[in-house]
Every structure is written in C-alpha cells, then in structure tokens.
Amino acid sequence: MTRQEQIALAVAVLALALVPVVADDFWLVQIFGQSFALGLVALSLNFLSGYGGFVSMAQTTLAGCAGYMVALTSVNAVGKGVPLHPVASIGLALGVSALAGAFVGWISVRLHGVYMLMLTLALAMGFFFFAQQNVELFNAFDGIRGVVVPNVAGVSLRSPKIFFYMSLVCSAAALFAVMITGRSPFGLVLKALRDHPRKAAALGFDVAAHRIAAFAGSGLLAGCGGIFYTWFNQRISASTVGLGMINSVLIMAIIGGLRSPIGAFTGAFAYVLINTFASGLVGAERVNTLVGSAFVAVVLASPDGIAGAAKYVRSRVRQSSLFERFVAQPASGSARSAVNE
Amino acid sequence: MSDPALSIEGLGVSFGALQALESIDMSVEPGERRVLLGTNGAGKTTLFNVIAGDLSPTRGKVALFGRDLGSIPAFRRARVGLARTYQSSAVFESQSVRDNLYLAALGARGRQWGPLPVDDLSEPMQQAAVDAARVGLANLVDRCVATLSHGQRRQLEIGMALAQRPRLLLLDEPAAGLSPGERPLLIELVLALPRDITLVMIEHDMDVALLVADRVSVMKNGRVVANGSPADVRVDPAVRAIYLGGEHA
C-alpha cells in the first residue's frame with residue numbers, strides 16, 4: 001500500500017464521516033449502510049480473486065453463516081436459538097464464518113478456475129437448499145424474522161447514525177487490512193500461488209495451508225458483512241443465501257473491479273443505487289434488465305471495473321499536456337533531463 | 001566417509017504400462033557438477049520431478065545427504081536444501097524481480113505467514129537486490145517480470161534458486177531457448193557457482209555440458225547407459241550411437 005493510497009483512503013473515510021451532516025436516515029441506512037454491508041461481502045471475493053486468483057461463489061454463503069449465527073444468538077421473533085451477550089454472539093458468528101471459509105478452502109484446495117467456481121457454487125446451493133428446508137434450526141423458507149439488534153448504553157446499534165458509523169469504520173478497517181496484506185509476506189505468497197502454484201511449492205511454500213488460510217480470512221470479511229446485513233434487514237432467510245444474492249455479490253465485485261480492493265465498495269454502492277432507484281425509473285420488473293445492462297457496459301468498456309476506469313482516467317490526466325504544463329512541470333522536467341543524460 | 005549429496009537406488013516410475021524410469025542408480029558427491037545427457041524422452045526431467053517431489057516414484061528411493069526423502073512433500077524438500085529450475089521458466093509473472101527473489105529466500109526459511117507489509121528497505125528486501133545483482137539483474141530489480149526477456153527470466157530463475165541457499169541445485173536445461181549471444185552469460189553464471197552447492201544439470205548442448213561437468217551420466221529409455229568423466233563420455237561408443245544416430249553397428 002503506497003503513501004498515496006493511504007492518504008486517499010483516509011480522505012475518503014473522512015469525507016464519508018461527514019455524510020450524516022447532509023444525508024437523511026434513508027440514505028444513511030438504506031444506501032450507505034447497505035452498501036457497506038454488501039461491500040464487505042464483495043471485498044471477501046475481491047481479496048480471494050485479486051490476490052490468489054480464486055473465484056469463489058460461496059462468499060455469500062459464508063456471510064450467511066455469520067448472519068444466521070448472529071440471528072440465532074439474538075432475541076428474535078421466531079424463538080429459535082439461544083440469545084447470548086452481543087460480544088459472544090458476534091464472536092461466534094465470525095468464528096463460524098471463518099471456519100466455514102476454511103472448510104470451503106479445504107474442499108476446493110486442488111481446484112482452479114472454472115472447476116473451483118462450480119464446486120463453490122455447488123456448496124453454496126447445498127447450503128441454500130438446506131437452509132430452505134430445515135425447520136428446526138433455520139426455520140425453513142421464512143427464516144429468522146424480527147432479529148433484535150443489540151443496545152449499547154441504551155442506544156440501539158440499528159439507529160441510523162450509529163449503524164452508519166459502525167459499518168463505515170468496519171469497512172474502512174477491512175479495506176485497510178486487505179490493502180496492507182497485499183504487500184505482506186502472506187499476500188505476496190498468495191499472488192505467487194496465482195502466478196505459478198507449482199513453483200511456489202518448489203520454493204517451500206505450503207500451498208494448501210495458504211489457500212485454506214486465505215479462505216478462512218475471506219470468511220472473516222464476509223462474516224462482518226453478513227452480520228451488518230442481518231442487522232440491516234433485522235432478518236435472514238434462505239433467499240439471503242440464494243442464487244440471486246450470490247449473483248448480485250459477483251456483479252458488485254466485477255462492476256467495482258476485481259483488481260483493486262476499493263472496487264468492492266464502489267461496486268456495492270453502484271449496485272445498491274441501481275437496485276434502489278431503478279424501479280422508480282424503469283419499473284420494478286425491469287430492474288434486472290438495467291442491472292444486467294450496466295454489468296455488460298462495465299465489462300465491455302472497462303474490464304477492471306469502476307476502480308480500473310478511475311485509474312485509467314487518472315493516468316490519462318497525468319499524461320495530458322495541460323497537466324504537464326500547469327501541475328507537474330518541475331517533476332516531468334527533471335525526469336526528461338534525466339532521460340537525456 | 002561422508003554421505004553423498006544425492007543418492008538414488010533402484011528408482012522406477014511407471015505411468016500405467018509406460019516405464020518412464022526403469023531402474024536408476026546414481027550417486028552424486030557433495031560439490032560435484034553432474035550433467036545428465038540424453039535424447040528427448042530419456043527420462044531426465046521425470047527424474048528431476050521425482051527428486052523434487054512433484055512425482056512419487058513407483059519403486060526405489062532417493063536420499064539427500066543421507067536423508068531418505070521418502071514421501072516428503074515438494075514444499076518441505078525446499079527447506080532441506082533442494083532447489084530446482086524448470087525447463088520453461090517458472091517465475092511469478094505479475095510481481096517484480098525483487099519480490100520474486102524475496103519470495104524465494106522466504107520460502108526456504110519457512111517464514112511465510114507475516115501479515116504486515118514488508119518495507120523495500122528492510123534487510124530481506126535489500127538481500128533480494130543483492131541476489132538480483134548476482135545474476136546480472138541489478139538494473140531491473142523493480143521491473144515487473146512480465147516485461148523481462150526470455151534470457152532475463154532464465155537468469156532470474158537461477159537467481160531465485162540461489163536465493164534459496166540450496167545444498168543441491170537441479171538445473172533443467174538452463175540454456176534452453178537462449179540466443180547464441182545470451183549463452184555465454186548463462187554458462188559463466190553456472191561456472192561461477194560456489195562449490196558448496198552440488199549441481200545436477202540437464203543439458204542438450206554437448207559443448208556446454210562438457211564444459212561444466214565433472215562427471216556425466218547419459219540416459220536412454222529410462223536407464224543410465226553411461227557414466228564417466230567428460231573425456232570418457234565423449235569417446236564412449238554407446239553415447240556416440242545415441243547422439244549420432246548410429247544403431248547400425
């Protein structure tokens with residue numbers, strides 16, 4: 001993570017922290033809160049695929065594991081599970097999603113590309129059908145309704161400003177963690193696995209252990225998103241871990257750009273905006289047409305997504321004559337003389 | 001008497017009915033330069049794959065400095081002092097030359113879980129730059145490997161193998177695909193390797209092979225058919241038959 005990226009992230013977080021001054025509760029929770037929750041799930045996919053080259057379709061399921069766990073350990077309207085102290089509830093939820101992540105990583109440890117995609121999708125669909133049919137624990141199709149979000153010092157964590165800031169801080173921390181991992185030994189090894197797994201093993205890296213650890217880490221990220229998403233809806237049901245949601249997370253990650261971690265959140269934000277406002281513009285039955293068209297447009301125009309397009313624009317601006325003349329003259333001047341020497 | 005650096009006894013590998021290696025016996029002394037000669041399909045790379053742990057032998061055993069490698073997985077063999085290069089360069093395309101060399105040193109030391117970012121000025125990264133200079137890549141440390149030429153990738157791969165601080169180094173046709181202009185640099189590099197590294201090298205080019213080798217083993221159809229000094233092998237009738245196609249005798 002370069003100094004510039006650190007500054008950009010800090011500026012973005014500070015700017016977002018001022019949003020509650022101008023935005024109403026609808027924007028704080030429905031748009032930003034939801035974007036952060038889904039963005040965390042998309043980030044877990046971005047982390048796996050951007051560093052290790054693992055395309056996992058099970059990230060929504062990992063988020064769902066944490067979501068179900070937090071719902072079952074909170075007071076809820078269907079009377080399932082055992083209410084626990086919020087800290088224990090959150091800890092258990094994250095533990096379960098990390099374990100589930102490790103399990104997915106272990107099952108798919110020898111697979112690559114489309115084979116990994118198919119297997120993780122099969123696991124995800126298995127979990128979906130189980131959740132949809134199991135009444136004792138998952139309350140089948142209806143799921144866990146009326147999940148009570150915990151209070152801290154008499155204030156509900158679901159109150160708009162609190163929910164906004166909590167999800168913002170958690171998202172920023174997760175993004176920061178993923179970005180610094182990119183230059184850590186662990187992150188470099190993951191990239192090496194993507195480039196040439198056999199060579200990585202020949203150099204002494206335990207390929208299987210790294211893959212499983214990466215999936216467990218992605219489970220932790222997805223789990224954070226799953227907890228926020230369950231609190232946001234105050235319910236979780238089988239449709240939350242269904243194919244529609246799995247596709248949505250994939251679309252967010254790709255619209256935003258898989259090459260850079262920030263893409264997960266720009267993609268989630270774009271998706272939530274379209275999903276929320278498109279039905280008013282084009283009618284509820286055409287929302288998916290619009291989402292699909294946006295997806296195709298992004299993939300065709302900028303394969304690296306919104307984040308990739310932003311980078312492209314930035315580099316074009318740097319190269320343009322206006323920028324050189326007015327902004328970067330001293331630097332580019334010395335660079336040119338260095339080349340001449 | 002000290003243990004041989006590499007000792008292979010009765011090694012065989014079969015893929016179904018195909019016997020890739022029939023029965024290989026070989027002993028390489030510490031510090032020795034051994035070159036494997038042989039036509040395509042003789043089993044040279046298969047032998048490397050078994051030594052490195054990428055393939056399990058059907059029978060026989062391999063020992064490194066007296067230690068039976070048995071079914072030790074490939075990644076652990078790197079930590080007991082084994083390094084190898086591949087016939088077609090195996091490097092990490094999307095990463096810089098420095099990161100490639102850093103990873104090579106990291107893997108052999110078994111420290112690979114650090115979650116915190118590494119500084120380009122830290123000791124291991126500085127060492128990576130030194131390792132780059134050793135194989136003639138000093139000017140390219142920050143370049144992405146995807147932009148390197150074929151010859152530079154060969155240099156980098158040898159640099160990575162050296163950064164592992166190996167005791168036994170397996171080079172699979174290091175000069176393959178190099179232009180005549182690039183070859184001398186690579187040969188020089190191999191000749192300059194310190195003698196505390198034992199070297200086993202596959203090479204098709206007789207001139208290179210005989211220049212580097214202390215001893216030469218010639219393979220054919222999954223067997224070692226001749227063993228000896230370069231001078232002996234040069235005049236060995238069996239070797240001449242293989243290389244000059246003389247099955248007419």
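Colleague: How many residue pairs are in polar contact between chain B and chain A?

Modeller: In this predicted model, 14 residue pairs are in polar contact between chain B and chain A, both residues being at pLDDT 80 or more. On chain B, the elements that give two or more residues to the side touching chain A are α2 (74-77), α3 (97-109) and α5 (150-163). Of these, α3(B) gives the most, with seven residues. Sorted by class, that side of chain B has 19 nonpolar, seven polar and seven charged residues.

Colleague: What is the area buried between chain B and chain A?

Modeller: The buried area is about 2,500 Å², and carbon and sulfur atoms give 61% of it. The contact takes 33 residues from chain B and 25 residues from chain A.

Colleague: What makes the pair Arg198(A) and Asp54(B) a salt bridge?

Modeller: The closest N and O atoms of Arg198(A) and Asp54(B) are 2.9 Å apart, and the cut-off is 4 Å, so the pair qualifies. The structure holds 14 salt bridges over all chains.

Colleague: Are Arg154(B) and Glu157(B) buried or exposed?

Modeller: Arg154(B) has a relative accessible area of 2% and Glu157(B) one of 1%. Buried means under 20%, so both residues are buried. Their side chains meet in a salt bridge at 4.0 Å, N to O. Both lie in helix α5 of chain B, three residues apart, about one turn of the helix.

Colleague: Why is the pair Phe26(A) and Phe277(A) called edge-to-face?

Modeller: Over all chains there are 20 aromatic pairs. The ring centres of Phe26(A) and Phe277(A) lie 6.4 Å apart, with the planes at 65°. Pairing requires centres within 6.5 Å, and planes over 60 degrees apart count as edge-to-face, so the pair meets both conditions. The pair links distant parts of the chain, since Phe26(A) is in helix α3 (residues 25-52) and Phe277(A) in helix α12 (residues 263-282) of chain A, 251 residues apart. Phe26(A) is partly exposed at 36% relative accessibility, as is Phe277(A) at 35%.

Colleague: What makes the pair Trp27(A) and Phe32(A) tilted?

Modeller: The planes of Trp27(A) and Phe32(A) stand at 50° and the centres are 6.3 Å apart. Phe32(A) is buried at 13% relative accessibility, whereas Trp27(A) is partly exposed at 31%. One aromatic cluster includes Phe26(A), Trp27(A), Phe32(A) and Phe277(A).

Colleague: Is Gln164(B) buried or exposed?

Modeller: Gln164(B) stands at 5% relative accessibility; the cut-off for buried is under 20%, so Gln164(B) is buried. Gln164(B) lies in the loop between α5 and β7 (168-172) of chain B. Leaving aside neighbours within four places in sequence, the residues in contact with Gln164(B) include Ala202(A) and Leu203(A), as well as Ala78(B) and Leu82(B).

Technical notes:
Residues are numbered from 1 along each chain as its sequence is written. Chains are lettered from A and ligands numbered from 1 in the order in which they are written. This is a predicted model: local features need pLDDT of at least 70, side-chain atom pairs count only at pLDDT 80 or more; totals for chains, interfaces and linings use all residues. Side-chain values use heavy atoms; hydrogens and water are left out. Contact means heavy atoms within 4.5 Å. Buried area is the accessible area (1.4 Å probe) that two parts lose on being put together, summed over both. A polar contact is a pair of N or O atoms within 3.5 Å; within protein, one must be able to donate a hydrogen and the other to accept it, and residues adjacent in sequence count only if both atoms are side-chain atoms. Helices (H or I, at least four residues) and strands (E, at least two) are DSSP runs, numbered from the N terminus. Ala, Val, Leu, Ile, Met, Phe, Trp, Tyr, Cys and Pro count as nonpolar, Asp, Glu, Lys and Arg as charged, and the others, Gly among them, as polar. Rings of Phe, Tyr and Trp (its six-membered ring) pair if their centres lie within 6.5 Å; planes under 30 degrees apart count as stacked, over 60 as edge-to-face and the rest as tilted. Buried means under 20% relative accessible area, exposed over 50%, partly exposed in between (1.4 Å probe, protein chains only).
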